[in-house]
Amino acid sequence: MEFDSNKPIYLQISDTICEKILDGSLMADGRIPSVREYGAQLGVNPNTIMRTYEILTSDGIVYNKRGLGYFISPDAKDKVKELKRKEFLEDIVPKIRRQMQLLGFGPEVFEYGDNPSEG
């Protein structure tokens with residue numbers, strides 16, 4: 001996994017786990033690697049993985065079975081979708097809207113088959 005220096009590593013790892021939940025690579029009640037296993041696999045400090053798992057646990061996406069490890073919550077896919085939709089609407093859409101305004105795009109750019117660069 002390659003990391004982006006503009007975002008904390010624990011959040012990037014969290015995003016990767018969430019993407020795997022959404023694409024079906026990680027299933028409800030499936031076990032995920034231990035903190036040490038995942039740290040070694042990614043080449044990061046186990047404390048970074050622990051922070052990732054704490055975030056995912058607090059969001060209800062994973063849960064810990066004492067002595068057995070971390071598992072994907074039964075409703076993780078729905079929770080991830082909800083969080084990602086909120087993030088998209090609050091963080092990404094305003095940036096896109098601002099760029100569209102700066103570049104002079106109007107709503108017609110979203111019409112099917114319309115290419116504003118032609119014409």
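**A first look at the predicted model**

Guide: The protein exposes about 8500 Å², of which carbon and sulfur atoms supply 51% (Shrake-Rupley method, 1.4 Å probe). This is a predicted model, in which local features need pLDDT of at least 70, side-chain atom pairs count only at pLDDT 80 or more, and totals for chains, interfaces and linings use all residues. Residues are numbered from 1 along each chain as its sequence is written, and side-chain values use heavy atoms, with hydrogens and water left out.

Visitor: What does the secondary structure come to?

Guide: The protein has 4 helices and 3 strands, taken as DSSP runs (helices: H or I, at least four residues; strands: E, at least two) and numbered from the N terminus. From the N terminus on, their order is α-β-α-α-β-β-α.

Visitor: Is the protein compact or spread out?

Guide: Its radius of gyration, over C-alpha atoms, is 19 Å, well over the 14 Å that the globule rule (2.2 Å times the number of residues to the power 0.38) gives for 119 residues, so the protein is more spread out than a compact globule. The C-alpha trace spans about 65 × 30 × 20 Å along its principal axes.

Visitor: How much of the protein is buried?

Guide: Of the 119 residues, 27% count as buried, meaning under 20% relative accessible area (1.4 Å probe, protein chains only).

Visitor: And which residues of α1 are buried?

Guide: They are Y10, Q12, I13, S14, D15, I17, C18 and I21. Their cover includes α2 (35–42), α3 (46–58), β3 (69–72) and α4 (76–103).

Visitor: What follows α1?

Guide: G24 follows α1, and its phi is positive, near 90°.

Technical notes: Buried < 20%, exposed > 50% of the residue type's maximum accessible area, 1.4 Å probe, protein only. Contact = heavy atoms within 4.5 Å.
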